[in-house]
Number of protein chains: 2
Amino acid sequence: MVHDSPMSARPATARSGRPPALEPGAEGVGARLRRLREQAGISLSELARRANVGKATLSGLENGTRNPTLDTLWSVTAALGVPITALLAGQQAGTVRGTAVEATLLQVFDDDAVTYELYRMVVPPGAAQVSPAHHAGVTEHITVFDGVLRAGPIDAPLTAHPGEHVSWRSDVPHLYEAVGDHPVRASLLIRYPRP
Amino acid sequence: MVHDSPMSARPATARSGRPPALEPGAEGVGARLRRLREQAGISLSELARRANVGKATLSGLENGTRNPTLDTLWSVTAALGVPITALLAGQQAGTVRGTAVEATLLQVFDDDAVTYELYRMVVPPGAAQVSPAHHAGVTEHITVFDGVLRAGPIDAPLTAHPGEHVSWRSDVPHLYEAVGDHPVRASLLIRYPRP
DNA sequence: CGCGAGCGTTCCGCAAACGGAACGGTCGCT
DNA sequence: AGCGACCGTTCCGTTTGCGGAACGCTCGCG
């Protein structure tokens, strides 16, 4: 689910015919930047000087009327001494919503030969979600904390009760579904071997 | 220290006369994006279609020859179903280096009236760091785990041994310094009241 | 009072990021 | 072999983010 076809309910990032106001995330970034700058106790002009960016750029950025470049963001956050993620985080970062599954990315373990992604997952009752196949070798591992989950390959789904663990190779289409009328809370670990 | 004058050793983000290659962070972002896309098992063309961006844009982004706009990043990460921070994180995110202090941002508590930032801090022996004043009302709180620390307002610094706690109002210039030849490990909590 | 210093915003020419189209290359199918 | 579908890269005209300069404003000081 996690990486699959957000085609359906994509958070309207349409570029066509943009009105004066920018996409939803932008003014959040601007406001966050202004707060960080004021916390640091420096003026807009001063920050522009330190970061080697124009005052116009900074002004437009804070007011949400510009759509900054990545290296503008780098310069500004570096001059403030904060990680670049400080500007982007906070807005539902890491939460992925599918048709019937909501998953929050808790952690990524990125080793040489394999990457793990750990999610906290909630499946509400009454709806099922089907996800297309992942790459070969990818496996998913779910531990159920609450509720009863049916998940796994479409033609051979597995059932897990609280405290139980299921896993399968997800290089085939697979589904997630809550059994009964309780939402399912679970942890989801996806393992991606390096090709 | 944390927010103060990274003027000295700024991670050269100079914009003047940029060579074909971009600033250090960029190709990391491109590589990370390519990995995410391949993990999702979709082609560059397919991702361009889903994200509503040009293939040229995506190609240039993955190869590090372009300096993407924030909303390009939004579109792409949204289409991949990953948080935007997935592209930026990983490279020393949250670590701030001063002349004699290295601090890692562990957590930010952002309430209505006040913001707290919690850092893990290491002060190597032999060097001192002076930080200019913060805004009025800002206070710092340090708990020493290891080593002996001298810190606080320049004209009245405090000394803390392992297990001890010091705090001061940081609206005046203040310093951090390890006493003796052991590095100091400590936690640093900065409290910023909303003006 | 006048005036210089600093603030944040707006205007402007230029560089570059953007999407669309065209390109060559590699498959799989008839 | 031929051919259509798709891949990722490159070219190109348009859009827009960029820094610098000018602007109006608010202070603090002589």
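**Notes on the model**

1. Helices are DSSP runs of H or I with at least four residues, strands are runs of E with at least two, and both are numbered from the N terminus.

2. This is a predicted model, in which local features need pLDDT of at least 70 and side-chain atom pairs pLDDT 80 or more, while totals for chains, interfaces and linings use all residues. Residues are numbered from 1 along each chain as its sequence is written, chains are lettered from A and ligands numbered from 1 in the order written, and side-chain values use heavy atoms, without hydrogens and water.

3. DNA strand C is surrounded by 21 residues, the closest being S43(A), L44(A), S59(A), T57(B) and T72(B). Of the atoms of DNA strand C that come within 4 Å of the protein, 69% belong to sugar and phosphate. A residue is near the strand if one of its heavy atoms lies within 4 Å of it.

4. Phosphate oxygens of DNA strand C have these neighbours in chain B: a side-chain N or O atom of T57(B) at 2.3 Å, a backbone N or O atom of T69(B) at 3.1 Å, and a polar backbone atom of N52(B) at 3.4 Å.

5. β4 (residues 128-131) of chain A pairs with β9 (residues 174-179) of chain A in the antiparallel sense over 4 bridges (pairing requires at least two DSSP bridges). Q129(A) is opposite Y176(A) of β9(A).

Terms used: Polar contact = N/O pair within 3.5 Å; in protein donor to acceptor, adjacent residues only side chain to side chain.
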